[in-house]
Amino acid sequence: MSSINAETVREALRVVKYPGFSRDIVSFGLVESAQVKGDEVFVKLSLAVTDPKIAQQIHRECMEVLSAVPGVRVPRVQVDLKKPPEAASPGATKIEGVKNVVAVASGKGGVGKSTVASNLAHALSLGGARTGLCDCDLYGPSIALMFGTTEQPVATEDNRIVPVERYGVKLMSMGFLADPDTPAVLRGPMVTRYTQQFLRQVDWGELDYLILDLPPGTGDIQLTVVQTVALAGAVVVTTPQEVALIDARKAVAMFQKTNVRVLGIVENMSCFVCPSDGKRYDIFGRGGGQREADRLGVPLLGEVPIDIATREAGDTGMPVVGRAGESAVAREFIKIAEALRKEVAC
């Protein structure tokens with residue numbers, strides 16, 4: 001008697017990865033059915049893609065896997081292609097269950113935006129707020145590393161994605177789905193679709209705050225967010241030097257053009273205080289964040305010093321507000337979180 005059954009077929013198919021991802025087609029919920037009749041196996045897949053090459057690759061790999069299963073003489077794989085979910089219609093709308101969505105943005109990379117976003121989210125959670133953090137940087141996700149988890153989200157029966165939870169913060173990031181050594185090669189429409197899925201298809205539950213860690217710049221992802229999500233406002237992260245402020249102004253201008261309120265500016269890497277003698281060094285200049293906030297008429301939410309502990313905390317998977325809560329940097333992030341709560345409430 002054959003030992004092959006539907007369950008063994010599904011287990012065999014777990015070696016087939018979705019192209020470009022480290023997850024397999026079974027955990028993605030793409031195997032709609034698997035039937036065994038003697039030495040014949042019938043598998044039905046359901047894919048929501050427009051690229052026929054993806055369907056062809058998955059079909060080919062499924063056939064190869066099933067052909068290698070002992071006892072299988074005739075494998076058959078049917079792939080049903082569905083139209084991918086449409087992006088949200090024009091007009092910003094709320095995310096179900098989420099009271100306040102706050103975007104954390106920067107005009108350029110390297111200013112510590114993800115560090116600010118992760119510590120801000122953790123600080124809000126420590127303050128008792130139900131908080132989520134969505135890593136919208138599809139090309140360079142870092143939230144998985146900063147929160148020290150490689151756990152993969154699972155899907156519910158109704159195809160909702162259950163976010164990973166760490167330190168009381170609900171998390172979603174491309175870093176949970178893609179191989180860390182594989183670049184995300186995505187064109188504009190795919191970027192828009194993934195962004196919408198992260199925001200709308202994730203089961204965030206009831207949240208007081210959902211922090212969006214946007215990629216640097218003013219590209220497709222930023223436009224998708226501001227045009228489709230009702231934001232409570234945006235926080236712009238910069239460093240004090242002029243070259244960073246130039247790009248920060250562009251980010252602010254984008255939010256203003258799309259009628260998104262700028263809640264304030266966070267000046268990161270504000271200074272370095274030598275731990276041996278307490279002397280302050282203004283490595284990137286001084287006062288740039290305050291001048292820009294004054295010029296724009298928005299609050300300077302905080303000035304975060306640069307220190308080794310903050311970098312170590314991010315690299316080892318716990319934001320510094322949780323790892324070294326009494327440090328000057330952690331206290332500044334907690335102050336920023338309090339200032340943000342007041343601004344959102346205004």
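Ala68 sits in the loop that links helix H2 (52–67) to strand E3 (74–81). The structure is a predicted model. The points below begin with this residue and then turn to a hairpin, an open sheet and the helices that accompany the sheet.

- Is Ala68 buried or exposed? A relative accessible area over 50% counts as exposed; Ala68 has 59%, and the residue is therefore exposed.
- Between Ala68 and Gln35 there are 33 residues of separation in sequence, while their C-alpha atoms are 17 Å apart in space.

**The hairpin of E1 and E2**
- Strand E1 (residues 31–37) and strand E2 (residues 40–47) run antiparallel and are joined by six bridges.
- Within this pairing, Val31 stands opposite Leu45 of E2.
- The two strands form a hairpin with two residues between them. In the turn, Gly38 has a positive phi of about 65 degrees.

**The open sheet**
- Eight strands make up an open sheet with mixed pairing, and their order is E8-E9-E5-E10-E4-E11-E12-E15.
- Strand E8 (164–166) and strand E15 (300–304) are at the edges; each has a single partner strand, so one side of each lacks a neighbour in the sheet.
- On average, neighbouring strands of this sheet are turned by 25 degrees against each other, direction ignored.
- Strand E5 (residues 131–135) and strand E10 (residues 207–213) run parallel and are connected by five bridges. In E10, Leu210 is the bridge partner of Gly132.

**Helices on the sheet**
- Helix H8 (residues 288–296) lies across strand E12 (262–268) and E15, and runs at about 165 degrees to E12.
- Helix H11 (residues 328–345) also packs on the sheet, where it touches strand E4 (98–105), E10, strand E11 (233–238), E12 and E15. The direction of H11 makes about 170 degrees with that of E15.

**The contact of H3 with H11**
- Two packed helices are described by the angle between their axes and the distance between the axes.
- For helix H3 (residues 113–126) and H11, the axes come within 9 Å and cross at roughly 75 degrees.
- Angles of 65 to 115 degrees count as roughly perpendicular, and H3 and H11 are therefore roughly perpendicular to each other.
- From H3, Thr115, Val116, Asn119, Leu120, Ala123 and Leu124 take part in the contact; they meet Phe333, Ile334, Ile336, Ala337, Leu340 and Arg341 of H11.
- The residues of this contact comprise nine nonpolar, two polar and one charged.

Notes. Residues are numbered from 1 along each chain as its sequence is written. This is a predicted model: local features need pLDDT of at least 70, side-chain atom pairs count only at pLDDT 80 or more; totals for chains, interfaces and linings use all residues. Side-chain values use heavy atoms; hydrogens and water are left out. Two strands pair if DSSP finds at least two bridges between them. Helices (H or I, at least four residues) and strands (E, at least two) are DSSP runs, numbered from the N terminus. Axes are lines fitted to C-alpha atoms, for helices over the stretch in contact, and angles run from 0 to 180 degrees between N-to-C directions. Contact means heavy atoms within 4.5 Å. Angles under 35 degrees count as roughly parallel, over 145 as roughly antiparallel, 65 to 115 as roughly perpendicular and the rest as oblique. Ala, Val, Leu, Ile, Met, Phe, Trp, Tyr, Cys and Pro count as nonpolar, Asp, Glu, Lys and Arg as charged, and the others, Gly among them, as polar. Buried means under 20% relative accessible area, exposed over 50%, partly exposed in between (1.4 Å probe, protein chains only).
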